[in-house]
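Biologist: I am new to this structure and would like to go through it with you step by step. Could you put up the sequence and the model, so that I can ask as we go?

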Amino acid sequence: MTEQAASLPPKPPFWNDPHIRAIVFQAVALIAAITFGWRIFDNTQDNLSRLGIASGFDFLSSSAGFDIIQTLIPYSAASSYGQVFWVALLNTLLVSALGIIFATLLGFIIGVARLSKNWLIAKLALIYIEIFRNIPLLLQIFFWYFAVLRAMPSPRQSLSLGDTAFLNIRGLYLPAPHVQTGFGWVLAALGIAIILVIMLARWARQRQMATGQSFPVLRMSLALLFSVPLAVFWLMGSPLHWEYPELRGFNFQGGLVIIPEMASLLLALSIYTAAFIAEIVRAGIQAVSHGQTEASFSLGLNSHLTLRLIILPQALRVIIPPLTNQYLNLTKNSSLAAAIGYPDLVAAFAGTVLNQTGQAIECIAITMAVYLTISLLISLTMNWYNRQVALVER
Amino acid sequence: MNSTKLLTTMFAAACLLAAGAAHAGATLDAIKKNGFIKCGVSDGLPGFSYADEKGNYSGIDVDVCRAAAAAVFGDAKKVKFTPLTAKERLTALQSGEIDVLSRNTTWTSSRDSAQGMNFTGVTYYDGQGFLINKKLGVKSAKELDGATVCVQAGTTTELNLSDYFRAHKMKFTPISYDKSDESAKSLEAGRCDVLTSDQSQLYAQRIKLAKPDEFIVLPEVISKEPLGPVVRHGDDDWFDIVKWTLFVMVDAEELGVNSKNVEEMKKSTNPDIKRLLGVEGDKGKDFGLANDWMAVVIAQVGNYGEIFERNVGKGSPLKIERGLNALWTQGGLQYAPPVR
């Protein structure tokens with residue numbers, strides 16, 4: 001024992017111990033970071049009070065005093081700056097969510113079209129992609145807003161669609177649905193239909209596993225989803241009232257309006273992002289080796305089933321991660337809204353509220369935190385979905 | 001464009017974060033060290049601040065900065081102009097990106113207090129009005145119920161507009177743009193029925209429209225808009241200089257001193273004029289500047305009346321009457337404390 005211990009090299013001094021060194025370096029780095037952060041915070045407080053600029057978040061509860069063109073929740077000039085924040089946030093979320101849906105649909109269609117065997121369709125898809133992803137987004141927003149939607153007629157010369165919907169330079173006016181008593185039953189019926197569809201899908205799957213017989217799940221589900229709520233709707237005596245837009249005074253009143261600011265932003269965001277998504281979809285499909293298709297065919301699956309059961313599940317693994325990036329980009333790009341007066345978070349909150357209160361640091365900090373949160377949430381959701389479609393090794 | 005704006009704001013915020021604690025007088029020291037004044041002006045408002053195709057600025061707001069440069073350096077050209085939108089301007093001043101903001105900005109209590117600024121005076125007494133297409137047949141702002149209104153984001157105009165419609169129990173749809181040009185384009189295209197802004201701006205914007213004759217300014221003036229130069233808190237010396245540059249120009253008009261006769265006037269026997277032009281006493285030196293700085297300002301930039309007529313009055317396409325901006329001796333509001 002003693003001989004062995006003596007033959008060991010002497011213990012190195014602690015400053016040469018890699019373990020201790022690592023801890024010390026990390027501690028130093030952490031302290032430096034905290035000191036730096038504190039110094040900035042302290043300095044800011046100091047400068048603000050020296051210049052006599054108000055700081056803190058009290059301003060959120062004082063009344064805003066200005067109006068906003070599009071509000072999804074009740075808002076008036078008497079509402080607080082805090083309410084402006086929610087209005088602006090919802091406007092951002094609305095345009096981002098719709099943009100993501102449209103961009104995805106359009107992107108998948110164009111992406112598949114790009115691989116079409118039809119020469120014309122493939123070339124058209126290629127032209128679409130090359131044009132829209134190579135023109136700056138801001139320009140595209142200006143194009144839709146200043147060139148296309150400005151060409152609409154004035155309210156008095158509106159384009160009328162069967163006297164229920166009207167299109168003019170002020171936007172697209174649609175009838176607004178007003179729910180009446182009994183509509184709850186229709187929603188309940190829809191809920192039941194959804195549960196039925198899920199049960200049906202499970203049953204069909206189990207039956208196929210057991211007997212090998214397939215069942216037209218999609219068609220039956222659609223039939224269920226439509227017929228059950230519709231039947232209840234008629235039974236309850238159509239408990240939905242439509243309010244039609246009417247030309248009164250300067251403009252159409254009543255109904256639902258899609259303002260051109262929102263329309264052009266949505267168009268530009270969807271079309272621009274769809275071009276990128278199309279390329280991602282194309283790459284994803286091409287990443288699945290052709291041998292898979294041949295193997296599938298030789299097993300007797302037709303081309304539709306091959307696409308659905310063999311190619312898409314494998315392509316999705318390649319598609320999802322870059323698709324997430326596009327969703328994040330779209331959400332962040334929606335802040336270009338400020339350029340055309342759409343009241344999103346950047347325009348209404350980081351713009352107008354910042355200016356009316358002069359509290360730049362608070363407003364910008366809140367706005368950055370919100371975009372960070374939205375982006376992280378999208379990432380989390382997409383990562384979860386990615387795990388669902390990931391290849392399960394057996 | 002928007003991202004640049006966001007960047008500007010963030011940069012400004014970063015400057016606020018990073019700027020070290022400074023002693024009073026830092027602004028004036030920095031100006032003297034730089035050799036020029038950093039002046040924030042409008043992004044394009046004829047008569048107030050407008051850059052021609054060669055990039056030469058002109059306008060009342062521009063002349064105020066030139067006068068301050070003449071006061072500090074004896075040379076009215078030592079100014080660097082930064083065009084700012086309504087939304088950017090206050091942060092730019094707070095963060096030190098500019099030394100003085102001379103951008104048709106309304107003097108309000110919250111800007112003086114919570115936002116940490118000092119208004120140095122009033123260059124132009126204005127009020128908010130409405131510009132509308134004649135075709136609509138509207139004669140008064142009270143007939144505007146249900147109208148769509150274009151307005152510039154981040155201005156007092158936006159607040160007055162809401163107040164006015166609330167007070168008269170009328171409804172309206174606001175569209176807030178960052179730039180006044182976008183509002184004007186929208187009015188022309190019919191996106192909005194009416195454009196609201198300070199009256200002086202309405203006249204200025206009207207001459208930029210393709211068919212100015214088709215638009216009229218409604219008679220109602222719905223607010224008080226005293227427009228003036230602003231500096232930030234914390235440098236009283238600089239505040240005094242900007243404030244008195246304006247006063248000197250008003251006093252000069254009252255005493256009949258202008259850019260053409262300033263040399264002759266130095267021989268005047270009137271003690272007020274003698275003090276103003278630095279011939280008698282050392283009123284100029286008290287500001288820490290050359291004793292004759294007031295005379296230099298008048299010689300290089302002119303008195304208030306000259307500036308007004310040249311930029312927005314009879315000598316300009318705007319042809320705005322002096323009105324409230326006449327001297328107090330002529331029934332207006334322009335009044336300056338004496339040099340004494």
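Biologist: How many helices and strands does chain B have?

Modeller: This is a predicted model, in which local features need pLDDT of at least 70 and side-chain atom pairs count only at pLDDT 80 or more, while totals for chains, interfaces and linings use all residues. Residues are numbered from 1 along each chain as its sequence is written, and chains are lettered from A and ligands numbered from 1 in the order in which they are written. Helices (H or I, at least four residues) and strands (E, at least two) are DSSP runs numbered from the N terminus. By that rule, the secondary structure of chain B comes to 13 helices and 13 strands.

Biologist: What radius of gyration does chain B have, and what would a compact globule have?

Modeller: The C-alpha atoms of chain B fill a box of roughly 60 × 50 × 40 Å along the principal axes. The radius of gyration is taken over C-alpha atoms, and the globule rule is 2.2 Å times the number of residues to the power 0.38. For 340 residues a compact globule would therefore have a value near 20 Å, and this agrees with the value of chain B, 21 Å.

Biologist: What share of the residues of chain B count as buried?

Modeller: A residue is buried if 20 or more other C-beta atoms lie within 10 Å of its own, exposed if 12 or fewer, and partly exposed in between, with C-beta atoms placed from the backbone. Two residues are in contact if their C-beta atoms, placed from the backbone, lie within 7 Å, and residues 24 or more positions apart account for 73% of the contacts in chain B with a separation of 6 or more. Of the 340 residues of chain B, the share that counts as buried is 55%.

Biologist: Which elements give two or more residues to the side of domain 1 of chain B that touches domain 2 of chain B?

Modeller: Domain bounds come from an automatic or database domain assignment, which for chain B gives domain 1 (2-125 + 226-330) and domain 2 (128-223). Their C-alpha centres lie 29 Å apart, and 17 residues of domain 1 of chain B are in contact with 16 residues of domain 2 of chain B. On the domain 1 side, the elements giving two or more residues are helix 4 (86-95) and strand 5 (100-106) of chain B.

Biologist: Is Asn104(B) buried or exposed?

Modeller: Asn104(B) is found in strand 5 of chain B, and its phi is near 25°, a positive value in a residue other than glycine. Because 28 other C-beta atoms lie within 10 Å, Asn104(B) counts as buried.

Biologist: Is Lys319(B) buried or exposed?

Modeller: Lys319(B), in the segment after helix 13 (304-311) of chain B, has a positive phi of about 50° although it is not a glycine. With 12 other C-beta atoms within 10 Å, Lys319(B) counts as exposed.

Biologist: How are helix 3 and helix 9 of chain B oriented to each other?

Modeller: Axes are lines fitted to C-alpha atoms, for helices over the stretch in contact, and angles run from 0 to 180 degrees between N-to-C directions. Angles under 35 degrees count as roughly parallel, over 145 as roughly antiparallel, 65 to 115 as roughly perpendicular and the rest as oblique. Helix 3 (residues 60-73) and helix 9 (residues 236-255) of chain B pack at about 105°, with their axes 9 Å apart. The two helices of chain B are therefore roughly perpendicular.

Biologist: How do the residues of that contact of helix 3 with helix 9 of chain B divide by class?

Modeller: Residues including Val64(B) and Ala67(B) in helix 3 of chain B meet residues including Ile241(B) and Thr245(B) in helix 9 of chain B. Ala, Val, Leu, Ile, Met, Phe, Trp, Tyr, Cys and Pro count as nonpolar, Asp, Glu, Lys and Arg as charged, and the others, Gly among them, as polar. The contact divides into 9 nonpolar, 1 polar and no charged.

Biologist: Which element of chain A gives the most to the side that touches chain B?

Modeller: The contact takes 41 residues from chain A and 43 residues from chain B. Elements giving two or more residues on the chain A side are helix 2 (18-51), strand 7 (251-253), helix 11 (345-357) and helix 12 (360-389). The most, 7 residues, comes from helix 2 of chain A.
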